[in-house]
Structure formats: C-alpha cells, structure tokens
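Subject: Structure handover

Hi,

Here is the structure for you to look over. My notes on it follow below.

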Amino acid sequence: MDAKMYRHILEDSLLGTLHDHRLGPSTIIFQHDNDPQHTARLVQEWLEHQNLLVLPWPPSSPDLNIIENVWAEIKKRLETYRPRPRNTEELWRVVQKLCEGKEGS
C-alpha cells in the first residue's frame, strides 16, 4: 500500500464512517501511527484539507496503540480455537466470542 491508496481508503472508509454516524471531521481526533504512507505529504495535506485533527504519535512506538495488542491476543487465541472457522462468517462469530470472553465452541 502506498500513500495514494491510503488516502483513498481514508476518503472511502473514514469519511464514510463519519457520515454514517453523523459526525463531522472536526468532531473527532484521528489516530494512526508513523507508517510512511501515513506521514506522506499527500496524506497530511488531505487530512488538513478535511479539517481532521490527528493525534500526535511518537516515532517508533507502535505498541502504544492498544489495538495492536488486542489483535495479537485474538490471533493467539484463534490459533488454538477448535473447530477452526471455515469461512469469514464463522471467523467473525469466533472473534466476537473471543472478545466477549466466551471461548467455548
């Protein structure tokens, strides 16, 4: 993924989600890390143009983002989950169970 693709994802997904929840860009604080496509001038200019406030992010600190740790834990639990999910619908149900603490099949 490059900066252009990331900007396109933000245009579609981020702005779409804000619209769905009836939020304006200036009502949120957006968080992403210092990945090169996140910090590219193209993306930074787009974020400014959209009036999105971006949470300052220290360099080389991906573990400050709790979601990285959450996904790592879910992945670890999925590796031992039986029976293994066979499709995306089953996978989503299992992930929901794991997030709710209902780990039994």
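A salt bridge here is a side-chain nitrogen of Lys or Arg within 4 Å of a carboxyl oxygen of Asp or Glu. By that rule, Glu73 pairs with Lys76, with the closest N and O atoms 3.4 Å apart. Both residues sit in helix α4. They are 3 residues apart, about one turn of the helix. The count of salt bridges comes to 4. Keep in mind that this is a predicted model.

Helices α4 and α5

Helix α4 covers residues 66-80, and helix α5 covers residues 88-100. They pack at an angle of about 115°, with 10 Å between their axes. Angles of 65 to 115 degrees count as roughly perpendicular, so α4 and α5 fall into that class. The crossing of α4 past α5 is right-handed. On the α4 side, the contact is made by Trp71, Ile74, Arg77 and Leu78. On the α5 side, Leu91, Val94, Val95, Leu98 and Cys99 take part. By class, this contact of α4 with α5 has 8 nonpolar residues, 1 charged and no polar.

The loop between α4 and α5 holds Pro83. Check the backbone there: the peptide bond from Arg82 to Pro83 is cis. Its omega is near -5°.

Helices α1 and α3

What is the packing angle between α1 and α3? It is about 25°, and the axes are 8 Å apart. Angles under 35 degrees count as roughly parallel, so α1 and α3 are roughly parallel to each other. From α1, the contact involves Ala3, Lys4, Tyr6, Arg7, Leu10, Glu11 and Leu15. From α3 (residues 41-49), the partners are Leu42, Val43, Trp46 and Leu47. The residues of this contact of α1 with α3 divide into 8 nonpolar, 3 charged and no polar.

Arg22 lies in the loop between α1 (3-20) and β1 (29-30). Phi of Arg22 is near 55°. That is a positive value in a residue other than glycine.

Where to look

For side chains, show Glu73 with Lys76 in α4.

Best wishes

Notes. Residues are numbered from 1 along each chain as its sequence is written. This is a predicted model: local features need pLDDT of at least 70, side-chain atom pairs count only at pLDDT 80 or more; totals for chains, interfaces and linings use all residues. Side-chain values use heavy atoms; hydrogens and water are left out. Axes are lines fitted to C-alpha atoms, for helices over the stretch in contact, and angles run from 0 to 180 degrees between N-to-C directions. Helices (H or I, at least four residues) and strands (E, at least two) are DSSP runs, numbered from the N terminus. Angles under 35 degrees count as roughly parallel, over 145 as roughly antiparallel, 65 to 115 as roughly perpendicular and the rest as oblique. A crossing is left-handed if the near helix is turned anticlockwise from the far one by less than a right angle, and right-handed if clockwise. Contact means heavy atoms within 4.5 Å. Ala, Val, Leu, Ile, Met, Phe, Trp, Tyr, Cys and Pro count as nonpolar, Asp, Glu, Lys and Arg as charged, and the others, Gly among them, as polar.
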